[in-house]
Amino acid sequence: MARPTFQALPGTRDLFSPDTDRMRELVSVFAEQAATAGFALVVPPMFEDVGVFRRLGEASDVVSKELYDFHDKGGRHIALRPEQTASVCRMFAENRPLVPWKAWYAGPNFRHDKPQKGRYRQFDQVGAEVIGSHDPDVDIELIALAARFYARIGLHRVRLMVNSLGDAADRPRYLSALRAHFEADLDALSEQSRATLLVNPLRVLDSKRPGDAALIEAAPVLLDYISDEAAAAFARVQAGLAALDVDFDVSPRLVRGLDYYTRTTFEFAADGLDAAQNAVGGGGRYDGLIADLGGGEEPGVGFALGVDRTLLACDAEEAFPAPSTGVQVWVIDTVGALDGLQIADEIRRAGVRCDRSFDGRSMKAQMKAADRSGATLAVIIGADEASNATASIRPLRGGGDQYQVPRADLLSALRATLGADADHGSAISSPTSTTTRETLES
RNA sequence: GUGGCCGUAGCUCAGUUGGUUAGAGCGCCAGGUUGUGAUCCUGGAUGUCGGGGGUUCGAAUCCCCUCGGUCACCCCA
């Protein structure tokens, strides 16, 4: 075998079945949940003017270090999207749909950081945003949507943390208190945190360095500094989540990585994952972001869930196995006329998943391929069948004898046999599910 | 961006203090079986030992560089 000339770039992956089946199923479950809650799909471009993303926070690594940016042939300064909220807000500002505007999305994002487990340079997210309402009930419904989604895919060991960052006007008072607190005991702070303190004091609270823990523990609490209105909204959010039986913890030190958040913020952590990548999703309000993008004073709130990490968390709980996507019928043709071609087409048009061998292989080889495919039935066209216009149907999974039917009755015979097998559950017990198990355990 | 560990067949791996033509299992292909898979038996194909350079009579093995993977820090989904 020749050595491949190229390989996938760092942080990018080639995904195959059954991982791809699982991913598609996950997105399709999310799509269904979102539609049920009145959200419509949007597809923003994968790249934008770099300015669209600058609003995420000049002090954040996502913008300052990890942007995939370049100049296009027209001299425009462009960046691959590191997330989709900013693009959705730009879409809103540009197209001005009726408010409240409820949009969901799914797709890849790009960040140039060093890959490790659960962290890729191209990674998928699903998410939902609501633009144009201040009502904290919207926050509640969004959080519930995410929580219900996790439950729906069978992921149970997920903790929801909520906090309120207050309004933009509350921020300076808190920041100065926070800064004063840390500066009073600067020596106790790690070097990295001291650097963070200069650019964004809020994110010092996010430090996981053990040495910083005590000082962070003693830091002023953001919730004590927020306006009465923001506090009332946060109280409503908590009451609403409780009313919906959505479990949560208030985490006064939860600050999110992107700078645009105001008021409600939340994060989902999967206990099945290591702390380094246990954040499987999160979001919050961003009441100033749309105005920053020239869209007027419209409030917004939303969340995004990491598809890869969610699936990783599912692995840890052995939840959400890959759906079976194998074929049901394999057509075996040893004659080499047009029968195999026509029969496969006929079966497919009837909506039955079907495949066949090529290259005129021996019957033995074709049978082997049929077995390997996981198909429930083989349809055999040999010399006999070709000469008397019949087809043989051979069950491949356990019971039943091979039998011949007139060619005209083939479809109904297949349907009858497949239906009977499905009742016994054998139609889905294919090698595909074995592979899935192995994947989950590895 | 920083650091630890790791790169041998499609996959999982073995390979002694450097020593002939680099191995095993699984998988794949063919035959045993003149139409019939999953079992069994027999045979077969596939490796610039990640890449480059160096040390040596001789390197998968030692050294340097590099590329990639992985994990942690950092950051975050």
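Glu 48, Arg 90 and Glu 94 are linked in a network of salt bridges. A salt bridge here is a side-chain nitrogen of Lys or Arg within 4 Å of a carboxyl oxygen of Asp or Glu. The model is predicted, so local features need pLDDT of at least 70 and side-chain atom pairs count only at pLDDT 80 or more, while totals for chains, interfaces and linings use all residues. Residues are numbered from 1 along each chain as its sequence is written, chains are lettered from A and ligands numbered from 1 in the order in which they are written, and side-chain values use heavy atoms, with hydrogens and water left out.

Chain A is divided into domain 1 (19-167 + 226-317) and domain 2 (329-441). These bounds come from an automatic or database domain assignment. The C-alpha centres of domain 1 and domain 2 lie 45 Å apart.

The salt bridges number 17 by this rule. One of them joins the side chains of Arg 22 and Asp 315, at 2.8 Å from N to O. This pair links distant parts of the chain: Arg 22 belongs to helix α1 (residues 19-36) and Asp 315 to helix α11 (residues 307-317), 293 residues apart. Helices (H or I, at least four residues) and strands (E, at least two) are DSSP runs, numbered from the N terminus. Arg 22 is buried, at 6% relative accessibility. Asp 315 is partly exposed, at 22%. Buried means under 20% relative accessible area, exposed over 50%, and partly exposed in between (1.4 Å probe, protein chains only).

Asp 113 and Arg 119 form another salt bridge, with their closest N and O atoms 3.8 Å apart. Asp 113 is buried, with a relative accessible area of 14%. Arg 119 is partly exposed, at 27%. In the salt bridge of Arg 349 with Asp 345, the closest N and O atoms are 3.2 Å apart. Both residues lie in helix α12 (residues 339-349); they are four residues apart and so separated by about one helical turn. Arg 349 is exposed, at 66% relative accessibility, and Asp 345 is partly exposed, at 36%.

Three strands form an open sheet in the order β2-β4-β3, with antiparallel pairing. β2 (47-49) and β3 (69-71) stand at the edges, each with a single partner strand, so one side of each lacks a neighbour in the sheet. From one strand to the next, the twist averages 35 degrees. Axes are lines fitted to C-alpha atoms, for helices over the stretch in contact, and angles run from 0 to 180 degrees between N-to-C directions. Two strands pair if DSSP finds at least two bridges between them. Three bridges connect β3 to strand β4 (residues 77-80). In β4, His 77 is the bridge partner of His 71.

Strand β6 (residues 122-131) is mostly covered, with nine of its 10 residues buried. It is joined to strand β5 (residues 101-110) by 10 bridges, and the two run antiparallel. Ala 128 in β6 is the bridge partner of Trp 104. β6 also pairs with strand β11 (residues 300-306), in the antiparallel sense, over seven bridges. Here Val 126 has Leu 305 of β11 as its bridge partner.

Met 46, Phe 47 and Phe 70 make a nonpolar surface patch of about 290 Å². Patches are made of residues with over 30% relative accessible area and no salt bridge; like charges are joined within 9 Å, and nonpolar side chains (Val, Leu, Ile, Met, Phe, Trp, Tyr) within 5 Å. Accessible areas come from the Shrake-Rupley method with a 1.4 Å probe. Met 46 lies in the loop between β1 (40-41) and β2. Met 46 is partly exposed, with a relative accessible area of 40%.
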